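Hi,

Here is the structure I promised to pass on. Have a look at it first, and then read my notes below.

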Amino acid sequence: MTGGKPITGQFWRYALPSMFSQLLNSFFIIVDGFFVGQNLGDAGLAAINVAWPLVAVIQAASLAIGTGGAVRLATALGRGEEEEALRVRGNTLVLLGLAAALLGGGLYLGYPYLLPLMGANAELYPLAAEYCRVVCVLAACQVATTGMLPLVRGSGRAVAAMWVMVLGLLGNIGLDWLFIHQFQWGLAGAAFATALAQGLCAAAAAPVLLCHRGRPVRAAQFRIQWGRVRGILHYGISPFGLSLSTSVILLITNLRALRYGGTRGVAVYAVLSYVLGSVIPLVSGVGDGIQPLLSYARGAGDQHALAGLRRKGLGLALGAAVVCSAVCFALRATLPLVFGASPAATAEGAAAMWTLAAAYPFMAVLRFYCSYFCAVGEPKASSILAYGEPLAAQPVFLFTLPLLWGLEGVWIAYPAAVAVMAAAALWLLRRHLALRPQAGGEGAA
């Protein structure tokens with residue numbers, strides 16, 4: 001993986017392609033929101049927001065398997081265990097195939113009962129249902145792409161993973177224009193466009209992952225070994241929570257916005273969640289990108305490299321977050337228009353945009369250390385951060401702050417929650433360093 005260079009010297013070669021890939025992933029969200037908002041208005045934005053938590057379960061599970069496999073793969077490479085890395089790769093791919101069948105079938109049977117519980121009223125249910133049907137039928141496309149890209153990065157092919165995302169984005173733009181704007185297929189068209197673009201990504205990622213000159217594919221690599229599977233899932237717990245946290249928060253916030261603002265309140269939150277959803281991948285891309293280097297350094301026992309990577313990674317994540325905060329606040333009156341929100345929803349969305357700008361730096365700290373702890377073999381600390389936000393901090397603030405400030409309290413809940421969890425991340429880091437002193441004069445940064 002290191003090609004003879006120091007591990008820390010490869011920081012930018014891993015971090016920048018990952019950030020760019022995740023930025024492209026953000027564009028998937030923006031493109032869908034643009035075409036849905038322009039063609040279906042507030043109802044379309046609200047319906048896709050209501051349906052998204054179910055879609056995100058598929059994404060979270062496949063990301064957990066892929067990231068867990070990538071951590072194990074990169075750690076094995078750092079230890080020089082080439083054959084173990086190949087078997088991890090094979091077992092991870094088998095798990096992704098099982099996940100695609102179980103998630104697609106299970107959610108297809110369950111969405112008619114789940115959507116009404118998630119805030120899909122008589123106006124929103126038909127739109128949300130048509131979106132969910134297509135997503136569930138084509139779940140394998142999302143599972144394959146989301147799960148394979150961490151493996152591609154973990155095997156040292158970060159730039160290739162970036163170009164796979166470029167291909168998928170171009171496909172998504174063209175298919176969104178064709179299915180939503182030209183054919184007028186509504187939310188079903190949005191789902192078809194996203195799924196088929198992800199299928200294109202998967203078709204491009206598979207040969208990159210499997211056709212490696214020094215890592216041949218053999219049938220034995222795909223034979224399930226339960227100890228290996230447990231290891232993959234063990235390291236996938238926190239990425240699952242981190243990914244699913246967005247959808248859990250989305251679900252709870254949708255219900256609170258519906259209570260305090262009706263359908264327009266959900267439409268305003270749809271705009272805010274599109275903006276937030278386009279920034280989170282970019283900032284998270286730092287930790288995701290250098291995860292192979294962190295795991296490799298851990299496997300090699302290079303504590304000095306771990307310290308350097310951590311400092312660089314946190315600085316880059318915070319820098320990206322501050323830039324996004326400034327851009328978000330400066331464009332607060334323009335961003336809702338991009339998604340075709342009504343004049344009333346646009347005004348309310350612009351007024352609430354400051355809460356996102358305030359939240360981004362705290363979110364950067366939380367997301368980076370969640371990825372860091374997972375990569376260096378501290379899944380318990382990573383899980384505390386991943387699950388603490390959606391299951392503890394966010395619900396507390398979502399149910400208390402609106403009692404004081406109404407709908408605005410719903411928007412303030414997010415920055416309050418990530419600020420608390422960022423403080424928890426720094427405390428866990430100090431504890432981690434105190435219990436496991438690092439070589440090379442490492443400090444708590």
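How many positive and negative side chains does the protein chain have, and how far apart do the centres of the two sets lie? There are 28 positive and 16 negative side chains, and the two centres lie 10 Å apart. For that count, Lys and Arg are positive and Asp and Glu are negative, while His and the chain ends are not counted. The place of each charge is taken as NZ of Lys, CZ of Arg, CG of Asp or CD of Glu.

A word on where this comes from: it is a predicted model, in which local features need pLDDT of at least 70 and side-chain atom pairs count only at pLDDT 80 or more, while totals for chains, interfaces and linings use all residues. Residues are numbered from 1 along each chain as its sequence is written, and side-chain values use heavy atoms, with hydrogens and water left out.

Now the overall picture. The protein chain has twelve helices and zero strands (DSSP runs numbered from the N terminus: H or I of at least four residues for helices, E of at least two for strands). The C-alpha atoms fill a box of roughly 60 × 45 × 35 Å along the principal axes. A compact globule of 445 residues would have a radius of gyration near 22 Å, and the 21 Å of the protein chain agrees with that. This radius is taken over C-alpha atoms, and the globule rule is 2.2 Å times the number of residues to the power 0.38.

Of the 445 residues, 59% count as buried (buried means under 20% relative accessible area, exposed over 50%, and partly exposed in between, with a 1.4 Å probe and protein chains only). The accessible surface comes to about 16500 Å², and 68% of that belongs to carbon and sulfur atoms. Those areas come from the Shrake-Rupley method with a 1.4 Å probe, and for residues only the protein chains shown count as cover. As for contacts (heavy atoms within 4.5 Å), residues 24 or more positions apart account for 83% of those with a separation of 6 or more.

Helix α2, residues 82-117, bends by about 60 degrees at tyrosine 111, and proline 112 follows within four residues. The bend is the angle between axes fitted to the seven residues ending there and the seven starting there. Just after α2, glycine 119 takes a positive phi of about 100 degrees. Glutamine 184 also has a positive phi, about 55 degrees, although it is not a glycine; you'll find glutamine 184 in the loop between α5 (158-182) and α6 (186-210).

Is alanine 46 buried or exposed? Alanine 46 is buried, at 0% relative accessibility, and sits in helix α1 (residues 11-78). Leaving out residues up to four places away in sequence, alanine 46 touches Leu124, Thr263, Val266, Ala267 and Ala270.

Helix α11 (residues 379-405) holds valine 396, which is partly exposed at 47%. Beyond its neighbours within four places in sequence, glycine 388 is in contact with Ser383, Ala393 and Met421.

Cheers
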